[in-house]
Each structure stands twice: as structure tokens, then as C-alpha cells.
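Have the model open beside you as you read.

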Amino acid sequence: MKFATIFVLIAIGTSVVIGDHSEEQAIRLPLPKAINERFPWMINEPITNGERIVGGENASPGDAIYQIALLRKDSFTCGGSLISSRTVLTAAHCVFGDEASPSYFKIRYNTLDRTNGPTIGVSKIYRHSLYSSTTIDYDVATLILSEPFTPSANADIISLTTAEPADNTQLQLTGWGRLKSGGTIPTLLQIATISKMSRTKCSNIWGSVNAITNRMLCAHSKKQSACNGDSGGPLVYNGHLVGVVSWGPSTCLSNTYPTIYSNVATLRNWIISNTV
């Protein structure tokens with residue numbers, strides 16, 4: 001297999017200040033160590049043309065009422081999902097590093113516009129103790145809110161799946177991530193449909209540089225994908241949360257390489273035990 005891409009987590013490395021150069025200087029988080037070692041240069045794989053999430057469209061009211069925008073020091077940094085009246089599920093790498101104090105974070109919810117809507121502070125962060133910034137395994141964290149959120153027609157919890165979706169199942173992805181690799185961050189929530197990829201096929205593509213474990217779920221489309229800023233956000237099937245955006249190709253949209261999501265089915269017990 002030829003490797004023609006360097007890979008990156010689907011996240012914004014630090015807080016984003018829209019319209020300021022700091023947005024462009026901090027769009028990536030650390031990659032799996034093996035990928036960093038084997039691909040210390042940037043060689044982009046040819047990709048299909050696409051815009052939005054990438055390749056999605058504006059979400060409509062009611063499409064993703066569990067979606068939240070995670071703010072670090074009042075600037076958008078990741079996505080997440082409401083899983084109880086006081087708990088948000090996101091990616092561990094979204095709350096990892098020197099500036100991971102609960103006081104730095106708040107969530108914005110009940111909105112399709114990440115710049116406008118009610119906010120709630122974070123009182124406690126539970127990051128999976130086995131999370132590895134080297135392999136990006138066990139990439140989940142729960143955020144305990146300082147007060148319960150207010151339910152509405154556009155704000156409610158999503159239940160956790162009990163089983164991993166079958167291969168080739170169509171899954172719903174939402175987020176405020178970049179519209180294309182290195183592109184702008186949308187104000188309005190984007191929605192897309194991608195397909196569950198078998199772990200065997202995913203491992204054949206990624207496995208020689210980073211292991212695809214049971215805590216990971218792979219999904220792919222040549223026309224739509226997650227991108228930087230979608231980290232921590234929801235992957236949904238039949239009204240249940242099945243994945244959390246974790247890492248993927250630096251091109252975001254790729255003809256070959258799938259995006260990797262934390263597998264809610266295999267991490268469910270830990271998530272429940274760290275939910276209030």
C-alpha cells in the first residue's frame with residue numbers, strides 16, 4: 001500500500017479567534033506517534049472537490065438537538081453531545097493539555113449558530129484514564145455541567161447505542177468543523193451522511209501506521225467527511241449516538257482514508273459510569 005498522506009486529528013488545536021491569524025496557526029492537535037514518525041512531511045493525496053463539513057449542508061431545526069459547541073476561553077474549539085441533563089460527551093483530546101481546567105470551558109447549546117445561544121459552564125471533566133495521545137485510543141471524555149441544561153424543541157439528550165452499527169450502515173454526522181482542509185469554519189451547523197466501514201478494511205488502510213482498536217469505529221465517504229473543528233462531535237444512527245469524532249486524514253475529504261470515531265458501544269460502560 002502506498003502512503004501519500006500525512007494525517008491529523010479532526011480538531012482545532014487551541015481556541016479559535018475568527019478573523020484573526022491565530023485561527024490558522026492552531027488548527028491541529030498531536031497525531032498518533034507512529035504517524036508522526038513515518039510521515040514527518042506533508043504530501044497531500046488527491047481528493048474530490050467538496051465544501052461544507054466537508055460536503056454537507058446546513059442543518060435544519062430538530063436535526064441534531066443534542067449537539068453542543070464546546071468553547072475554550074469563550075472561543076469555539078470542538079463539538080459534543082448532550083447525554084444527560086448535566087453531562088456532555090466529547091473527545092478526550094478536546095480537553096487534553098495544559099489548558100484543560102474545567103474553568104476554561106463552557107458549552108453552547110439549543111442553537112444551529114455556534115456564535116449565538118445559551119451557554120453553561122463546566123464544573124468537572126472526566127477524561128478516560130487510558131486515553132493515549134500517542135495512539136489516540138480511548139478518545140472520550142465527559143463534561144459535567146455547572147447546572148442542568150434547559151430542554152426545548154431544539155435541545156435534548158441523545159441515548160447511547162448498545163451495539164456497533166453494521167458495516168455499510170449510513171450514519172449522520174454533524175458539526176461546525178472546517179468546510180474543507182485549511183478552509184473557513186462555518187457559523188451554521190453542518191450535516192452529512194457517511195458509511196460505516198468494516199474494521200478489517202479500515203485496519204488494512206490504517207493499521208500499518210496506527211492500530212485500529214475495538215474502541216474505534218471507521219466511517220467514510222468520498223464526498224463528505226468530518227474536518228478540523230468537528231472533534232468530539234456526534235456520529236448518529238437511528239437516533240442513537242454511535243461515535244465521537246476522533247482523528248483522520250489531513251485532507252479531511254479523502255478518496256481512500258476513513259475518519260476514525262471513538263466507538264460508543266465499546267466505551268459505553270465507562271461513559272455511563274462518568275455521567276451525572
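## A disulfide to begin with

C202 and C218 are joined by a disulfide, with their sulfur atoms 2.1 Å apart. Helix α4 (residues 199–206) holds C202, and strand β12 (residues 216–220) holds C218, so this bond ties together parts that are 16 residues apart in sequence. The torsion about the S-S bond is about -80°, so the disulfide is left-handed. C202 is buried at 0% relative accessible area, and C218 is buried too, at 2%.

## The other two bridges

Please keep in mind that this is a predicted model. In total it holds 3 disulfides. C78 pairs with C94, sulfur to sulfur 2.1 Å. C78 sits in strand β4 and C94 in the loop between β5 and β6, so the link spans 16 residues in sequence. Its torsion of about -85° makes this disulfide left-handed.

C227 and C252 are bonded as well, S to S 2.0 Å. With 65° about the S-S bond, this link is right-handed. C227 lies in the loop between β12 and β13, and C252 in the loop between β14 and β15, so parts 25 residues apart in sequence are tied together.

## The whole protein

The protein has 5 helices and 15 strands. Of its 276 residues, 55% count as buried.

## Helix α5

Which residues of α5 are buried? They are V264, L267, W270 and I271. These cover an arc of only 120° around the axis, which puts them on the same side of α5. The face turned away from that side carries the exposed residues N269 and S273. At the start of α5, a side-chain oxygen of N263 comes within 3.3 Å of the backbone nitrogen of A265.

Key:
Residues are numbered from 1 along each chain as its sequence is written. This is a predicted model: local features need pLDDT of at least 70, side-chain atom pairs count only at pLDDT 80 or more; totals for chains, interfaces and linings use all residues. Side-chain values use heavy atoms; hydrogens and water are left out. Buried means under 20% relative accessible area, exposed over 50%, partly exposed in between (1.4 Å probe, protein chains only). Helices (H or I, at least four residues) and strands (E, at least two) are DSSP runs, numbered from the N terminus. The arc is that of the directions from the helix axis to the C-beta atoms. A polar contact is a pair of N or O atoms within 3.5 Å; within protein, one must be able to donate a hydrogen and the other to accept it, and residues adjacent in sequence count only if both atoms are side-chain atoms. A disulfide is a pair of cysteine sulfur atoms within 2.5 Å.
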